[in-house]
Amino acid sequence: MNDILLTLLKHEYSEKFKVRISRYCFLVLLNDCQAFGSVNKKEAPNICGLLNKLMPTLVKQREKRQTLIHAKLAESEMLKSESNSYEEKTREYLDTIYDQVYFGDYLSETLSESVWIRPNRETLLFFERITGQVIEKSQMDLSKYLRSLIVEYCSIPQFKREQLYFKKEIDSIELAISHGNALAVKRKGDREEIIPITIAAEFTWEQKNYLMAVENKGQGKILSLPLGTFVPLYEDKIVNSPNEEQLNFIGKLIDDGTLGTKEEFDIEEETKNVLEQKG
């Protein structure tokens with residue numbers, strides 16, 4: 001365990017990083033705290049908590065893009081040899097160009113606001129890494145690098161920002177779907193088993209994301225669960241696979257933009273209500 005880690009542990013994560021950002025980015029972060037549930041016990045926005053959860057995902061996203069750029073250059077044969085020191089330096093320099101040109105100062109004309117990021121138990125080692133090798137690679141100081149990540153985040157629509165915030169939860173959902181399994185979740189304090197079908201986003205002004213699912217039991221209700229209202233626990237076997245009627249109903253909810261009408265739908269009850277309205 002190195003000196004930086006020992007110091008952070010000794011002072012109970014007292015190390016914190018100040019990042020200056022524009023008023024626009026600051027307001028986006030405040031909005032997302034309320035929209036995604038990153039608030040303290042007094043229901044006030046917790047920007048530090050929001051950024052602690054986001055930063056590892058944002059760094060990984062940027063590194064994946066850099067890897068893709070290298071792969072495309074290799075395809076073009078503009079850069080060939082990994083062992084060639086000149087070409088390796090070129091690759092490192094290319095990594096800095098994209099980030100500095102596109103996200104270095106965009107939305108950052110006037111840096112009128114400041115936010116503080118204090119590493120927590122989960123992000124302690126991550127921040128140690130970015131203060132070392134990541135910063136050296138990016139050729140930016142820490143504040144500017146963190147600001148560039150925030151600027152990139154604030155440049156995308158809210159539904160996508162929410163997907164980044166709940167990336168860990170979405171990964172668990174997508175794994176269960178790919179494995180053809182049910183998913184145990186904690187919801188409203190209780191454990192439930194559901195069959196995840198898909199994640200869909202509203203296209204209205206609110207732009208929330210919902211997990212469309214079916215209860216893992218015979219004639220189970222259809223569920224439209226906003227991200228953040230449940231916690232994935234573990235995968236399990238499917239008791240009764242969703243039928244065509246249930247899948248069609250989910251498709252109609254998505255097409256009609258009525259995902260947020262309520263969290264639970266009983267097909268028989270919904271059909272009865274439609275017939276009564278027509279009568």
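The model is a predicted one. Its protein chain comes to 10 helices and eight strands, and of its 279 residues 40% count as buried. Among contacts in the chain with a separation of 6 or more, 66% are between residues 24 or more positions apart.

**Helix α6 on its own**

- Start with the length check: α6 covers residues 142-154, and at 1.5 Å a residue its 13 residues should span 18 Å. The C-alpha atoms at its ends are 18 Å apart, which agrees.
- α6 is largely enclosed by the rest of the structure, because 10 of its 13 residues are buried.
- The buried set starts with Tyr145, Leu146, Arg147, Ser148 and Leu149, and carries on through Ile150, Val151, Glu152, Tyr153 and Cys154.
- Lys144 also sits in α6, but this residue counts as partly exposed, with a relative accessibility of 25%.

**α2 against α6**

- Helix α2 takes in residues 23-36, and its axis comes within 10 Å of the α6 axis, crossing at roughly 65 degrees. That angle makes α2 roughly perpendicular to α6.
- As for handedness, α2 passes α6 in a left-handed crossing.
- On the α2 side, the residues involved are Tyr24, Cys25, Val28, Leu29, Asp32 and Phe36; on the α6 side they meet Ile150, Val151, Tyr153 and Cys154.
- By class, this α2 and α6 contact divides into nine nonpolar residues, no polar ones and one charged.
- The four α6 residues in this contact, Ile150, Val151, Tyr153 and Cys154, are also on the buried list for that helix.

**α2 against α7**

- Helix α7 runs over residues 158-165, and its axis comes within 11 Å of the α2 axis, with a crossing at roughly 65 degrees. So α2 is roughly perpendicular to α7 as well.
- The crossing of α2 and α7 is right-handed, whereas the one of α2 and α6 is left-handed.
- Val28, Asn31, Asp32, Ala35 and Phe36 are what α2 brings to the contact, and α7 answers with Gln158, Arg161, Glu162 and Tyr165.

- Six of the eight residues of α7 are buried, and the helix is mostly covered. Those six are Gln158, Arg161, Glu162, Gln163, Leu164 and Tyr165.
- α7 also packs on helix α8, residues 167-179, with the axes 5 Å apart and an angle of about 80 degrees. That puts α7 roughly perpendicular to α8.
- Gln163, Leu164 and Tyr165 in α7 make this contact with Lys167, Glu169 and Ile170 in α8.
- The class breakdown here is three nonpolar, one polar and two charged residues.

**Two loop residues with positive phi**

- Lys188 has a positive phi of about 55 degrees, even though this residue is not a glycine. You'll find Lys188 in the loop between β3 (182-187) and β4 (190-201). At 66% relative accessibility, Lys188 counts as exposed.
- Gln219 is another non-glycine with a positive phi, near 55 degrees. Gln219 lies in the loop between β5 (209-215) and β6 (222-226). Gln219 is exposed too, with a relative accessible area of 63%.

- Gln246 belongs to helix α9, residues 244-256. With a relative accessible area of 7%, Gln246 is buried.
- Leaving out residues up to four places away in sequence, Gln246 touches Val214, Gly220, Ile222 and Ile267.
- Gln246 and Asp266 are 20 residues apart along the sequence, and their C-alpha atoms are 9.6 Å apart in space.

Terms used. Residues numbered from 1 in each chain as written. Predicted model: local features only at pLDDT ≥ 70, side-chain atom pairs only at ≥ 80, totals over all residues. Heavy atoms only, no water. Expected span 1.5 Å × (residues − 1). Buried < 20%, exposed > 50% of the residue type's maximum accessible area, 1.4 Å probe, protein only. Axes fitted to C-alpha atoms, helices over the stretch in contact; angles between N-to-C directions. Parallel < 35°, antiparallel > 145°, perpendicular 65-115°, else oblique. Left-handed = near helix turned anticlockwise from the far one by under 90°. Contact = heavy atoms within 4.5 Å. Nonpolar A, V, L, I, M, F, W, Y, C, P; charged D, E, K, R; others polar.
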